[in-house]
Amino acid sequence: MFAHEFMRNALAAGSFVGVACGLVGYFVVLRAQVFAGDALSHIAFTGALAAAAFGFNIVAGLFTACILGGVLLGLLGKRAQADDVVIGSLFAWALGLGVLFLSIFTTRSSAGNGTAGVRVLFGSIFGLSAKDVRVSATLAILAVVLILAVARPLLYASLDPAVAAAQGVPVRLLGLAFLTIVGLVAGEASQAVGALLLLGLLAAPAGAAHRLTANPYRGMALAVLFALGSVWLGLALSYVFPTLPPSTMIIAVAVGTYVVSLVATTSYLTAIVSA
């Protein structure tokens with residue numbers, strides 16, 4: 001497997017994506033902003049296809065849309081959390097624009113370029129070049145450094161925002177900065193697993209970590225480990241079974257990890273209650 005350059009590039013880029021998604025995903029789940037992460041997947045799709053439709057670089061459009069989307073969600077504040085009509089409407093609007101831009105792109109472009117929408121939706125990790133790996137590494141390191149720099153106050157603001165604000169923690173600014181970082185990571189992850197599936201890599205490993213430990217730092221480490229393992233095992237399975245898309249296998253392993261943690265913790269609690 002390691003003899004092939006495309007596999008080495010996929011594993012290298014996927015490793016950086018996994019680390020960033022695991023760490024950022026821990027806070028996404030902690031702050032109940034999984035819904036916001038889902039919105040970013042729609043925005044990623046729309047941004048990439050808007051760039052393609054108007055002749056700009058697709059990757060640049062993807063990252064620009066994700067980062068600006070993160071800023072917008074940060075400005076929405078609590079309305080960017082689950083079950084809100086505002087963010088639900090943002091979903092539909094973004095996805096509708098994405099379909100419009102896809103139609104414009106496929107109408108203006110040759111048939112050979114018609115697969116761009118599929119690549120954006122489902123990723124193309126086996127098609128990443130050495131340059132793409134360097135970009136993924138740089139962005140992942142940047143995201144990890146930024147999250148670690150604000151991890152302590154962000155944790156405080158996530159668990160008890162009222163007390164944190166009273167203690168002088170800039171809760172609103174932290175929330176805005178965090179969702180901007182989420183946008184950066186979402187753009188990076190979209191190249192590996194696609195806009196449609198990136199939420200699985202953000203939420204499932206982190207969700208499993210939350211179920212297994214209440215210690216935040218141990219939880220962050222577990223989330224990173226689970227996300228990294230999902231990428232490695234998913235790519236290995238896709239290599240062994242070539243008909244299976246790599247993005248699908250990565251997300252399948254991530255979701256499987258969450259299911260195992262759910263069953264394990266539920267069984268443990270049931271045994272305690274029964275005793």
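The model is a predicted one, and the protein in it has 11 helices and zero strands. Of its 275 residues, 47% are buried.

**Glycine 207**

- With a relative accessible area of 10%, glycine 207 counts as buried, because that value falls under the 20% limit used for buried residues.
- When neighbours within four places in sequence are left aside, the contacts of glycine 207 are with Val29 and Tyr258.
- Between glycine 207 and alanine 254 there are 47 residues of separation in sequence, while their C-alpha atoms are 9.9 Å apart in space.

**Overall fold**

- Read along the sequence, the elements follow the pattern α-α-α-α-α-α-α-α-α-α-α.
- Among contacts in the protein with a separation of 6 or more, 77% are between residues 24 or more positions apart.
- The protein has an accessible surface of about 12700 Å², and carbon and sulfur atoms account for 71% of that area.

**Nonpolar cores**

- The largest nonpolar core holds 65 residues, and the members that touch the most others are Val24, Phe27, Phe178 and Leu201.
- Helix 1, which covers residues 5-30, gives the most to this core, contributing 12 residues.
- Apart from this core there is a second, separate one of seven residues, which includes Ala52, Ala53, Phe101 and Phe105.
- Valine 24, with its neighbours within four places in sequence left aside, is in contact with Ile147, Phe178, Ile181, Val182, Val185 and Leu202.

**The loop at threonine 213**

- Threonine 213 sits in the loop between helix 9 (198-212) and helix 10 (216-240).
- Although its place is in a loop, threonine 213 is buried, with a relative accessible area of 10%.
- A polar atom of the threonine 213 side chain lies 3.1 Å from the backbone nitrogen of asparagine 215.
- Leaving aside neighbours within four places in sequence, threonine 213 is also in contact with Arg218, Gly219 and Leu222.

- Phe16, Ile141 and Val145 together make a nonpolar surface patch of about 260 Å².
- One of these residues, valine 145, is found in helix 6, which spans residues 130-159.

Terms used:
Residues are numbered from 1 along each chain as its sequence is written. This is a predicted model: local features need pLDDT of at least 70, side-chain atom pairs count only at pLDDT 80 or more; totals for chains, interfaces and linings use all residues. Side-chain values use heavy atoms; hydrogens and water are left out. A nonpolar core is a set of buried Ala, Val, Leu, Ile, Met, Phe, Trp, Tyr and Cys residues joined through side-chain atoms within 4.5 Å. Buried means under 20% relative accessible area, exposed over 50%, partly exposed in between (1.4 Å probe, protein chains only). Helices (H or I, at least four residues) and strands (E, at least two) are DSSP runs, numbered from the N terminus. Contact means heavy atoms within 4.5 Å. Accessible areas come from the Shrake-Rupley method with a 1.4 Å probe; for residues, only the protein chains shown count as cover. A polar contact is a pair of N or O atoms within 3.5 Å; within protein, one must be able to donate a hydrogen and the other to accept it, and residues adjacent in sequence count only if both atoms are side-chain atoms. Patches are made of residues with over 30% relative accessible area and no salt bridge: like charges are joined within 9 Å, nonpolar side chains (Val, Leu, Ile, Met, Phe, Trp, Tyr) within 5 Å. A salt bridge is a side-chain nitrogen of Lys or Arg within 4 Å of a carboxyl oxygen of Asp or Glu.
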